[in-house]
Amino acid sequence: MTYPVTVPVDDTIDETLDSAVATSQPGLMRSAWGLWRTRIGVALVVLLVGIAIVGPWVAPYGASEFVGTANMRDVPGTWLGTDYFGQDVWSRFLHGGRSILFLATVSTLIGFLFGSAIGLIAAYNRGRIDDVLMRFMDVILAFPQLLLALVALTTVGPKPWLIISIVGFTTIPRIARITRGAAVPVVERDFVAAAEALGESRFRIITRELLPNVIGPLLVEANLRLTYAIGIIAGLGFLGFATERNAADWGLMVQENRVALSVQPWGTVLPAIAIALLTVGTGLISDGLSRTVAGIDRGRPDS
Amino acid sequence: MSEQTVALTIKDLRLDVAQTGHDIVDEITLNIERGKVLGLVGESGSGKTTVGLAVLGHARKGVAISAGSITIEGSNVLALDRKRLRQARGRLVSYVPQDPGTALNPALRIGGQVLEVLETHGFGADAAERQARVTEVFEEVKLPSAASFLRRYPHQLSGGQQQRVGLAMAFAARPAVIVLDEPTTGLDVTTQAHVLETIRNLAQQHGVAALYVTHDLAVVATLADEVAVMYAGRIVELAATADVFAKPAHPYTRYLVAAAPEMGSDRQLVGLGGRAPSPGQRPKGCAFAVRCELATDECRAEFPAVTNVNPNGSHEVRCFHAFGVPERTVPRATASITSSGTDDAALALRNVTASYTGVAVVHDVSFDIARGECVALVGESGSGKSTLSRSIGGLHREWQGEISLDGESLARSSRDRPVQQRLAIQYVFQNPYSSLHPRRPIAESIGRPLAIAGVDKREIRREVDRMLERVSLSASYGSHFPDQLSGGERQRVAIARALVSKPKVLICDEVTSALDVLVQAATIELLVDLQNELGLAMLFVTHNLPLVRSIAQRVAVMSDGAIVELGTAEDTLSNPQQDYTQRLLIDTPRIPDFESGQPA
């Protein structure tokens, strides 16, 4: 997936109309908010993050509290019945969002921080540093994310820090590639040379000259990576590697209750819908951002 | 002008922004006879390209052709349906774009691309005839027509050859009208001169009417039979080339002619502040009124009708004051500073050799720039002038030899130089669209050199405001972002940034090449003023020879990485000693002296 990062040039064919369009532009976030897809995405994400955070406090029962016979839809005192173990489906659903969101967010953040740093350093220094860093990124890219996670988790056991490290680690090269790609044309531009002529430090050039000019595509990519991280962690949960046995987790819930899908669908359907909506939400946000970035980098807001 | 000889007639053409209905161009009326070239001149944003494309029945996305007619050989291009329009393009009217490097398909052989035009239009009776025409048209545009050459790909050709292939495609099907959109931009002067000659000959020999869109007055003066000057979407003056240059009748044209650098004359470049209003912001009356010193209430109330100021011919002007426009040209003040000896050198280069990834591109260059002196470094692209100036600025590290500032030897890279040295040599870049941080307010960009020098915040703000005023931008501009500024304003910001730290040496790398001619003149005026005021040693890198005498006392001519000639600007340009300089001067288009020997 590539994002158009074009350097605004004095285009004589475009000249006349461009001057007819408003010259000042609102910021990235505000422009993106003008798109319906972004608003729907944000609404979905806010809803599900809200459920995950507030859920445990409003849940009528504990996460592993027995409330009746297993796999029943009509259990007095429960809303959606019981799961395969006789626990309240609704309560487990409310408890089950925190871990997946926490793991996905933290691992994406780690990938984002290291990935953007590596991408910027590679783009700015070029030459040997670029080669060494990016070839190393390619090596990491060669491992399938899910397989690497499975190998590590089956060896060490389902530890949250391990999931974060593996998913974060495998996210780094993906973000580094995008960052480097976006930063290379920026490095070529004269304001970077102007900063060099003044003798600005490398750190300052990378953080103050380059970073603000690649933040658009970077945000898009980070959002996309968050979507994938949610998918992978949900997948690991489904396979039983994300958390301790019988912990409340959306991914694990799907796996636990899928046998009883015809008798008691809620135990499977509810967390599945939640994961789907969450990824659709983050996906819509990154789509909205990428459209806006493309528009802004062409020098006019997307209309 | 008889009906039979007119090949292209544009009448009352108007194009709008489709969404808002604001006019981009309006009331465009002109005729071109067979075999004649009409130069359509204007600043960027004046709508000249829009008119050029409209002749092909094309309007850019979001733009609508809302009124008028364009008649070529009896058929109205604007009334044709899609299919007929497609047939007309290439056959009836063809187009030569600005950049041949991107206009040719890189994956197709050049002979095939020209042949494609002929096949599309069913030219000739059979394949053999079409193939013969391809060979013929390659000869017409002065390209080799051997089969081996036709089998080349665009990337195997030089820029000039690529543009000739563009011409061959345009002329292949023998159209009646050809639209050329700045086809020589980006070409070296020598190549440009040859391409222009080819265009003129082709138009004359085959009776093709050419609409030549450009911002370059010198090119128009040498090539065109007639000139139409556009301002803010309207033609403000239309006359024979000699009349436009000798007796410009519209105030805007006068400013344009006064702003055009001229190699032979002693007049000073005169710039003009402000900018042309964009579509949607144009006033009811004359759009030039706000910048015009002759403007009266009448001008502001309505747009003047066409006046013919030439009793013996046609010289159309849209100005109420067409008969009372004062001369705009000002003789140049004699240079206050003459080049001095090496003892007062602010910047000294000794045996500088620079290479690019191991290949030497600058060979053994030595010269000095004195305090208060401006040396122009001229040469064609690839001559190594940019590499040399970047080496002085510490932006290019691969160089040997000695560069010294006030007698102190400079380190190769700007990072290895002490702060004082870094601030003492400042650089203004070619492209103001890329030399300013797009997401940083300009006051912050200008103040950065002072912040590095450790000046305190309040002092920085005061200095930045002072600098903004000095480059004729008000202090309120400080909070603006670069995208809110025009090209000329951005270049002023870049100059302010370069001068805020009170440098000793200023390097200007093609600083006006991205600017319109009026803005260029204003920028040159500003640079000359500032240089005299601050006693700067200035290196003015340019490929624009006519500009040299307006700014520099001495000129260094660079070719293939070596300085082939170094002398005072006056001597070198009027009496060049080296073959290379002579050839460069001959090929540079200039505005001929229309005043002598031209009757009214």
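User: How do strand 23 and strand 24 of chain B pair?

Analyst: This is a predicted model, so keep that in mind throughout. Strand 23 (residues 554–559) and strand 24 (residues 562–568) of chain B pair in the antiparallel sense. The pairing runs over 6 bridges.

User: Which residue of strand 24 of chain B does B:Met558 stand opposite?

Analyst: B:Met558 faces B:Ile563 there.

User: How many residues sit between the two strands of that hairpin?

Analyst: The hairpin of strands 23 and 24 of chain B has 2 residues between them. In the turn, B:Asp560 has a positive phi of about 50 degrees.

User: Switching to B:Ala376. What is it in contact with, beyond its sequence neighbours?

Analyst: Leaving aside neighbours within four places in sequence, B:Ala376 is in contact with B:Phe540, B:Thr542, B:Val548, B:Ile551, B:Ala552, B:Val555 and B:Ala569.

User: Where does B:Glu373 lie?

Analyst: B:Glu373 is in the loop between strand 16 (359–370) and strand 17 (374–378) of chain B. Its C-alpha atom is 6.8 Å from that of B:Leu536, although the two residues are 163 apart along the chain.

User: And B:Pro441, buried or partly exposed?

Analyst: B:Pro441 counts as partly exposed, because it has 16 C-beta neighbours inside 10 Å. B:Pro441 lies in the loop between strand 20 (425–428) and helix 15 (442–453) of chain B.

User: What is B:Pro441 in contact with, sequence neighbours aside?

Analyst: Leaving out neighbours within four places in sequence, the contacts of B:Pro441 are B:Gly478, B:Ser479, B:His480 and B:Phe481.

User: Domains next. What does the assignment give for chain B?

Analyst: Domain 1 is 248–332 and domain 2 is 342–587. Their centres are 32 Å apart, taken over C-alpha atoms. The contact takes 14 residues from domain 1 of chain B and 16 residues from domain 2 of chain B.

User: Which element gives the most to the domain 1 side?

Analyst: Helix 11 (residues 251–259) of chain B does, with 3 residues. By class, that side of domain 1 of chain B has 9 nonpolar, 3 polar and 2 charged residues.

User: How many residues of helix 11 of chain B are buried?

Analyst: In helix 11 of chain B, 8 of its 9 residues are buried. Among them are B:Tyr252, B:Leu256 and B:Val257. The cover includes helix 9 (217–223), strand 9 (226–231) and helix 18 (517–534) of chain B.

User: Other end of chain B now. What is the strand order in the sheet of 4 strands?

Analyst: The order is 2-1-4-5, with antiparallel pairing, in an open sheet. Strand 2 (23–33) and strand 5 (75–76) of chain B are the edge strands. Strand 1 (residues 6–17) and strand 4 (residues 63–72) of chain B pair over 8 bridges. B:Leu8 stands opposite B:Ile72 in strand 4 of chain B.

User: Zooming out, how many helices and strands does chain B have?

Analyst: Chain B has 21 helices and 24 strands. Its radius of gyration is 26 Å, close to the 25 Å from the globule rule for 600 residues, so chain B is as compact as a globular protein of that length. Of the 600 residues of chain B, 52% count as buried.

User: And what does chain A have?

Analyst: Chain A has 12 helices and 0 strands. Of its 303 residues, 47% count as buried. For contacts in chain A with a separation of 6 or more, 71% come from residues 24 or more positions apart.

Notes. Residues numbered from 1 in each chain as written. Chains lettered and ligands numbered in written order. Predicted model: local features only at pLDDT ≥ 70, side-chain atom pairs only at ≥ 80, totals over all residues. Domains from an automatic or database assignment. Contact = placed C-beta atoms within 7 Å. Nonpolar A, V, L, I, M, F, W, Y, C, P; charged D, E, K, R; others polar. Buried ≥ 20, exposed ≤ 12 C-beta atoms within 10 Å, placed from the backbone. Pairing = 2+ DSSP bridges. Rg over C-alpha atoms; globule rule 2.2 N^0.38 Å.
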